[in-house]
Amino acid sequence: MNPSILADNGPDRDRFARLESRECVNHYNETTFSIPTVMHPDLPIVHDQPLAGLNTFRIPASARRYLRVTGAEQLTAVRADPALADLPRLVLGGGSNLLFTQDFDGLVLHMAGQGREILGQQGDKILVRAQAGENWHAFVGFTLDQGLGGLENLSLIPGTVGAAPIQNVGAYGVETKDVFHSLTAFDMASGELRTLDAAACRFGYRDSIFKHAIGRDLIVLDVTFALPAAWQPNLRYAELANAVQEAALAAPTPRDIGAIVEAIRRRKLPDPREIGNAGSFFKNPVVSNEECRRLLETYPNLVHHAQPDGSEKLAAGWLIDQCGWKGKNIGPAGVYPKQALVLVNLGGAQGADVVRLAQAIQSDVAARYGVALEPEPVFI
Ligand SMILES: Cc1cc2nc3c(=O)[nH]c(=O)nc-3n(C[C@H](O)[C@H](O)[C@H](O)COP(=O)(O)OP(=O)(O)OC[C@H]3O[C@@H](n4cnc5c(N)ncnc54)[C@H](O)[C@@H]3O)c2cc1C
């Protein structure tokens, strides 16, 4: 790590201390604190905001009301405004895990808060915080620039920092939960700020409290990561381990691993700037060990990975590929030829086109393997 960054972070530490001092109620794994009363800022609400440029599938849709959110004060003002408070809400980051199937008849809160800071060392971890609207990949690059490892396997994932905990973003053997310290969320129900640690976030495979009714009122404002002070590469994922071996680096740095992850991803995945998509369209289904054995009797090449709890995770991309969908399309919605798990907008697709293709794939996989595929993006 660049030592000058740590040496310079006195004000950051003060900021951390100020934040802590506002605590007023302690819950298990969670701290609640009220925000200071502020004059309500003017809210630059946009009417009928087009959303095609704000989702990576590039599906045309519009929002009845739209607000760029840079801080908690605006959310307090939204709560206080009767014309806004009762509207259906959609929190929007980079729009890379969403599928618009219709216009959004409510208020889109587009998270735009910027800022990142190294808070200092705590035990064997370095704490780094970023605001929700920061671009995820740029934030990973920032940590690598400081010589900090831990996030390199998550390089080149589109979207924002604030969304990373929502589905416990993961890639190449690392999930957000593995490098997570805590986050600050604004509770739209109570108007309070809450600090949640990993246990309070209830992370699971592509899952967290924020995807369930109990966490739906929480809007993530900033996220703090705990990165190892003494870094070791995480090469548990075979494809990454092989690529690192091929690169024949004597002592790979976090930056080297990040560059290798980027190269693999660029080879396999479509760039949303060129082809509309939301990354993996289906979660890898998790089945019991018995179910997996039953399938293996008929399909000995079935790709599966044993889970710590004894269940088995099946490769959804393999199941879709075996059903013959790779490179196929229904109208303007298609299956990416290099990766069957990725559905793409071939040009001019509506949300309904993507849904039709997804349903056709789901019913083929269910008919052949008896396995239900669950979409990963959030349908709006
Ligand atoms: C090419 C490509 C590759 C991808 N690869 C991966 C991958 O390897 N691993 C992976 O896990 N995902 C991957 N994704 C999916 C996506 O990038 C991640 O899920 C990302 O975290 C979504 O971030 P976002 O800011 O775009 O969220 P959005 O799509 O804007 O929102 C996603 C969900 O999070 C909620 N949300 C967003 N911000 C906040 C906030 N601040 N507070 C509360 N709720 C919020 C939204 O309401 C919505 O429900 C990929 C997507 C693409 C297009």
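The shell around the ligand holds 20 nonpolar, 13 polar and no charged residues, where Ala, Val, Leu, Ile, Met, Phe, Trp, Tyr, Cys and Pro count as nonpolar, Asp, Glu, Lys and Arg as charged, and the others, Gly among them, as polar. Please keep in mind that this is a predicted model, in which local features need pLDDT of at least 70 and side-chain atom pairs count only at pLDDT 80 or more, while totals for chains, interfaces and linings use all residues. Residue numbers start from 1 along each chain as its sequence is written.

**Around the ligand**
- Of the 33 residues around the ligand, Gly93, Gly94, Gly159, Gly162 and Gly279 come nearest; a residue is near a molecule or strand if its C-beta atom, placed from the backbone, lies within 6 Å of it.
- The elements that supply two or more residues to this shell are β5 (89-92), β10 (170-171), β14 (218-228) and β15 (276-280).
- Strands here are DSSP runs of E with at least two residues, helices are runs of H or I with at least four residues, and both are numbered from the N terminus.

**The sheet that contains β5**
- Strand β5 also belongs to an open sheet of 4 strands, ordered β3-β4-β7-β5 with mixed pairing; two strands pair if DSSP finds at least two bridges between them.
- β3 (46-50) and β5 are the edge strands, each pairing on one side only.
- From one strand to the next, the twist averages 45 degrees.
- β5 and β7 (residues 104-111) run parallel and are joined by 4 bridges, with Val91 opposite Leu109 in β7.

**The β8 and β9 hairpin**
- Strands β8 (residues 116-122) and β9 (residues 125-131) run antiparallel, joined by 6 bridges.
- Gly120 stands opposite Leu127 in β9.
- The hairpin has 2 residues between the strands, and Gly123 takes a positive phi near 60 degrees.

**Helices α7 and α8**
- Helix α7 (residues 238-247) packs on helix α8 (residues 254-268) at an angle of about 115 degrees, with the axes 10 Å apart; axes are lines fitted to C-alpha atoms, for helices over the stretch in contact, and angles run from 0 to 180 degrees between N-to-C directions.
- That angle makes α7 roughly perpendicular to α8, a label that covers 65 to 115 degrees.
- On the α7 side, Glu239, Leu240, Ala243, Val244 and Ala247 meet Ile257, Ile260, Val261 and Ile264 in α8; residues are in contact if their C-beta atoms, placed from the backbone, lie within 7 Å.
- By class, this contact has 8 nonpolar, no polar and 1 charged residues.

**The sheet of β16, β17 and β18**
- An open sheet of 3 strands has the order β16-β18-β17, with antiparallel pairing.
- Its edge strands, β16 (286-287) and β17 (304-306), each pair on one side only.
- β16 is joined to β18 (residues 312-314) by 2 bridges, and Val287 stands opposite Glu312 in β18.

Methods
Angles under 35 degrees count as roughly parallel, over 145 as roughly antiparallel, 65 to 115 as roughly perpendicular and the rest as oblique. Two residues are in contact if their C-beta atoms, placed from the backbone, lie within 7 Å.
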